[in-house]
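This briefing goes through one protein chain, topic by topic. Please keep the sequence and the 3D view open while reading.

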Amino acid sequence: MCEHYPSMLPATLGRRAAVGLLGASLVAALGACAAPGSAAPDPSRAPGSGSGPGQPLLSVLTGGERNAAVPGALRRPGKRIRRTFIPDFTLPPVQNGMAPVLTRVITKQPVVFLTIDDGVTKTPEMGRLLAEYDYPATIFLTRNFVQDDPGFFKQFEAQGSLVENHTISHNVNMSRQLGYQQQLAEITGMQDYAQQQFGRRPTLFRPPGGDYSNAMRQAVAAAGMKAVVTWEAKANAGRMDYQYGNSLRPGDIVLMHFRPEFAADLAAFRAAQLAAGLEVVLLENFLGVA
């Protein structure tokens with residue numbers, strides 16, 4: 001405690017004078033306690049930001065401001081308001097009964113889209129990391145991989161992510177081995193399961209392994225979905241792989257998986273995202289198919 005104010009007042013002082021002296025002493029003592037040796041303001045406070053007492057300034061900065069404030073591995077977004085962007089891309093419609101194929105969003109907006117597939121591995125750190133980084137993700141789930149614990153994936157929905165369709169069985173050869181009706185059954189079966197478990201019918205489809213055919217595009221459209229979604233960049237084995245160039249570009253759709261190396265893959269993606277100066281936004285929102 002910092003108690004420098006007098007414990008007693010001289011008996012000769014009058015009541016009014018005594019009260020005044022005591023008040024002045026308290027003000028001086030409290031000032032000394034609040035700023036011992038320095039009157040410099042606390043840089044971690046954000047006056048006028050509305051963030052409440054003790055809220056770090058970093059948490060209310062966005063984009064380049066936040067990235068410039070904290071070096072590399074120490075960057076953490078904390079609680080913040082997500083940036084919004086006006087979409088400058090229109091998803092092509094279903095034509096000739098076939099859903100369009102989307103590998104990348106052509107946009108001038110500084111955005112990137114995170115997608116996470118399958119659902120085989122389920123660990124507590126996955127939800128914690130996505131929440132810590134405040135990343136919304138498009139989650140392409142396979143029924144046979146998630147049916148042992150579908151509730152695990154509801155935490156991602158609560159954070160702003162959406163569940164999409166990755167078939168019932170994840171047959172990577174389905175576009176070559178299965179006919180139209182069999183492919184439609186794989187797709188509509190996952191549609192029904194997602195509706196039952198997550199309360200929303202998927203609007204996007206990711207083919208297992210990335211291979212697709214016209215028959216698959218027809219089945220996707222017949223199932224009521226808006227697009228087949230592939231990728232040109234992925235986080236894999238703790239590193240980033242690119243089909244074009246050596247860095248993330250605005251509009252890239254990035255592939256990840258629910259695998260044991262989830263944390264390392266997410267760290268690789270985060271480093272690339274920050275280096276490119278891009279904001280992670282939800283693909284469905286940008287396409288208008290949420």
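In this predicted model, helix α7 (residues 180–198) and helix α8 (residues 214–222) have axes that come within 9 Å and cross at roughly 45°. Angles under 35 degrees count as roughly parallel and 65 to 115 as roughly perpendicular, with the rest between them oblique. That makes α7 oblique to α8.

**The pair α7 and α8**

- The crossing in which α7 passes α8 is right-handed.
- On the α7 side, the contact is made by Y180, Q183, L184 and I187.
- On the α8 side, A215, M216, Q218, A219, V220 and A222 take part.
- Sorted by class, the contact of α7 with α8 has eight nonpolar residues, two polar ones and no charged ones.

**The pair α3 and α9**

- The axes of α3 and α9 come within 10 Å, and they cross at roughly 15°.
- That makes α3 roughly parallel to α9, because angles under 35 degrees count as roughly parallel.
- This crossing of α3 and α9 is right-handed.
- From α3, the residues E125, M126, L129, L130 and Y133 meet F262, A263, L266 and R270 in α9.
- By class, the contact of α3 with α9 has seven nonpolar and two charged residues, and no polar ones.

**The chain as a whole**

- The protein chain has 10 helices and 10 strands.
- Of its 290 residues, 45% count as buried.
- Among contacts in the chain between residues at least 6 apart in sequence, 69% join residues at least 24 apart.

**The nonpolar cores**

- The largest nonpolar core has 34 residues, of which L114, L266 and F269 touch the most other members.
- Two or more residues of this core come from each of β2 (111–118), α3 (124–133), β3 (138–141), α7, β7 (233–236), β9 (253–257) and α9 (262–276).
- The largest share of this core, five residues, is given by α9.
- A second, separate core has 17 residues, including F89, L91, F140 and V281.
- Which residues does L114 touch, not counting residues up to four places away in sequence? They are L130, Y135, P136, A137, T138, V254, M256, L266, F269 and V280.
- L266 also takes part in the contact between α3 and α9.

**L282 in its loop**

- L282 is found in the loop between β10 (279–280) and α10 (283–287).
- Is L282 buried or exposed? Its relative accessibility is 6%, so L282 counts as buried.
- L282 and T115 are 167 residues apart in sequence, and their C-alpha atoms are 9.0 Å apart in space.
- Apart from its neighbours within four places in sequence, L282 is in contact with F113, P136, A137, T138, G160, S161 and L162.
- P136, A137 and T138 are also among the residues that L114 touches.

**R82 in its loop**

- R82 lies in the loop between α2 (63–69) and β1 (101–102).
- Leaving aside neighbours within four places in sequence, R82 is in contact with D134, Y135, P136, Q159 and G160.
- G160 is also in contact with L282.

**Two residues with positive phi**

- D134 is not a glycine, although its phi is positive, at about 55°.
- D134 has its place in the loop between α3 and β3.
- At 15% relative accessibility, D134 counts as buried, because buried means under 20%.
- D134 is one of the residues in contact with R82.
- A237 is not a glycine either, and A237 has a positive phi of about 55°.
- The place of A237 is in the loop between β7 and β8 (239–242).
- Is A237 buried or partly exposed? At 48% relative accessibility, A237 counts as partly exposed.

Technical notes: Residues numbered from 1 in each chain as written. Predicted model: local features only at pLDDT ≥ 70, side-chain atom pairs only at ≥ 80, totals over all residues. Heavy atoms only, no water. Axes fitted to C-alpha atoms, helices over the stretch in contact; angles between N-to-C directions. Helix = DSSP H or I, 4+ residues; strand = E, 2+ residues; numbered from the N terminus. Parallel < 35°, antiparallel > 145°, perpendicular 65-115°, else oblique. Left-handed = near helix turned anticlockwise from the far one by under 90°. Contact = heavy atoms within 4.5 Å. Nonpolar A, V, L, I, M, F, W, Y, C, P; charged D, E, K, R; others polar. Core = buried A, V, L, I, M, F, W, Y, C linked by side-chain atoms within 4.5 Å. Buried < 20%, exposed > 50% of the residue type's maximum accessible area, 1.4 Å probe, protein only.
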